[in-house]
Amino acid sequence: MNRGTILIYSQQRLLATLLAATIRDDNRHIIYCSSLQQLIAKSNSLRPTLIYIIDSAPFMNGANLMEMLRRSSLHRPTIYVITWQQSEHTVLSLLECGVDQYFTFPISMLRLRLKTLAHDSQ
Amino acid sequence: MLLYIYIIIQASAIIGFEVAALWQRRSRLRQLQRATLSDSYIRQIIKMLFSEECCDLYPAADTPIRHMALAEAMNTILSHTYGTNTTIIRELTRRYRLDTFLLNRIRWSRGPRRIHILILMSAIPSHTATTHLLQQHLRSRHSYTRTAALIALLATDPSKAIATIASLRFDLTPLDIARIITLLRRGILPIAYEPLLRSTNRNLRMLGLAIVRNFGIEIADKQLQNIISTATDADIVHESIYTLSSLGRPLGRAKVRERLSAMTPRRRKQLCRHLTQAGYSLSALRCIFSPHETIYSESIIKSYKRDLVCSTSHNIS
């Protein structure tokens, strides 16, 4: 059973590997993007089911990232953000932007894997 | 003769540039090789963690590059996760003698490289007696080395955390405290906040306040009020007021207002801005600040930056 594609955006390769290894599944295609341009292009061409963004900086540069990631009206990928920031302002602002879930580091690998599995079964 | 000298100088310059370029290419290749190895080790370790079975790594960590790659992989995993089963990590550390390797590296390295290795050391469960060496670095003249050594020491021996922090001869900076809080969040440093708030040691008190602030411990309200009214250190009072405001508590009490009036105009302005952004209402701010100071708050509230928060959270009266 193909569970679709997951995109991971991080500027730190080791972090992306950590996340990819945690949510790894034989029936899932995980792609790592090191730049925002690459992430937007892959999001619009591959139509992923889930996008992990391990950074909050892309949301703060004035560009409407969410709109670019969800350009097609027929396809709406779920977007999860993971960062170290835990201030209420950041969380509220990101949720208002359209982010579906916000996690802070340190994460529990088991819970993250279960969360991804639960997303697949939705 | 001049021509010969010219040719020799030209040739030596070319050779010099070539050697530099070769050295740079070699170090870039080594970095790439280390990153690729770390990637592979992360995948293998996570697989072991999920299967709860320790196996040999491939390629085996038997060279300095592979040792460093394994240390970086372990650091990435342990510093970004919590609740990880450390039995497998301990077994891998023992099998590949990673702690001995890192200790030797700490001895022979200098500057930023030593700091980096100390940070790696803080993530790795140690088998050998490292306390003595780490305590030596705690007395270093460089603040980053001291911080890295402190974090490594706390991670190595969490049971002596309070004694270690109390014996420090330097004041902890906000960055140091943030790093200690990260250890707490990872669940490897079991510290209760109450004895810290009661302590007379500045570093312990600052850490206690940071714990209350980071974990939103609302029941610490009374202790914070006590600190504000009795503490003599201006930094402690300042930090206590910020901690109290982060809990969303009223700041209009006589003791708090007395302390606020003793603050410098610059600090008052900073606090006013912070309280506005934290959601305190204008009427609450007018009780503790003068009318010309609250004009600044009004302009922040009217700005688009504030609107985002105002629409979703209730103002604290």
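Visitor: Does B:Glu52 count as buried or exposed, and why?

Guide: A residue is buried if 20 or more other C-beta atoms, placed from the backbone, lie within 10 Å of its own, exposed if 12 or fewer, and partly exposed in between. B:Glu52 has 9 C-beta neighbours inside 10 Å and therefore counts as exposed. This is a predicted model, in which local features need pLDDT of at least 70 and side-chain atom pairs count only at pLDDT 80 or more, while totals for chains, interfaces and linings use all residues. Residues are numbered from 1 along each chain as its sequence is written, and chains are lettered from A and ligands numbered from 1 in the order in which they are written.

Visitor: Which residue of chain A has a positive phi although it is not a glycine?

Guide: A:Arg47 has a positive phi of about 55°. This residue lies in the loop between helix H2 (36-46) and strand S3 (50-53) of chain A. A:Arg47 counts as partly exposed because it has 14 C-beta neighbours inside 10 Å.

Visitor: Which residues are joined by a cis peptide bond?

Guide: In chain B, the bond between B:Tyr58 and B:Pro59 is cis, with omega about -5°. B:Pro59 belongs to the loop between helix H1 (2-51) and H2 of chain B. In chain A, the peptide bond from A:Phe105 to A:Pro106 is cis, and its omega is near -5°. A:Pro106 is found in the loop between strand S5 (101-104) and helix H5 (109-121) of chain A.

Visitor: How many residues does each chain bring to the contact of the two chains?

Guide: Two residues are in contact if their C-beta atoms, placed from the backbone, lie within 7 Å. Chain A brings 16 residues and chain B brings 20 residues. On the side of chain A that touches chain B, helix H1 (13-22) and helix H4 (88-97) of chain A each supply at least two residues. The largest share of that side, seven residues, is from H1(A). Sorted by class, the side of chain A that touches chain B holds nine nonpolar, five polar and two charged residues; Ala, Val, Leu, Ile, Met, Phe, Trp, Tyr, Cys and Pro count as nonpolar, Asp, Glu, Lys and Arg as charged, and the others, Gly among them, as polar.

Visitor: At what angle do H1(A) and helix H2 of chain B pack?

Guide: Two packed helices are described by the angle between their axes and the distance between the axes. Axes are lines fitted to C-alpha atoms, for helices over the stretch in contact, and angles run from 0 to 180 degrees between N-to-C directions. H1(A) and helix H2 (residues 64-80) of chain B pack at about 65°, with axes 10 Å apart. H1(A) and H2(B) are therefore roughly perpendicular to each other; angles under 35 degrees count as roughly parallel, over 145 as roughly antiparallel, 65 to 115 as roughly perpendicular and the rest as oblique. In this contact, A:Leu14, A:Leu15 and A:Leu18 of H1(A) meet B:Glu72, B:Thr76, B:Ile77 and B:His80 of H2(B). By class, these residues of H1(A) and H2(B) are four nonpolar, two polar and one charged.

Visitor: How do the axes of helices H4 and H5 of chain B cross?

Guide: The axes of helix H4 (residues 98-108) and helix H5 (residues 111-123) of chain B come within 9 Å and cross at roughly 155°. H4(B) and H5(B) are therefore roughly antiparallel to each other. The contact is made by B:Leu102, B:Arg105 and B:Ile106 of H4(B) with B:Arg114, B:Ile117, B:Leu118, B:Leu120 and B:Met121 of H5(B). The contact of H4(B) with H5(B) has six nonpolar, no polar and two charged residues.

Visitor: How many helices and strands are there in chain B, and what is its radius of gyration?

Guide: Chain B has 18 helices and zero strands. The radius of gyration is taken over C-alpha atoms, and the globule rule is 2.2 Å times the number of residues to the power 0.38. A compact globule of 317 residues would have a value near 20 Å, but chain B has 26 Å. Buried residues make up 32% of the 317 residues in chain B.

Technical notes. Helix = DSSP H or I, 4+ residues; strand = E, 2+ residues; numbered from the N terminus.
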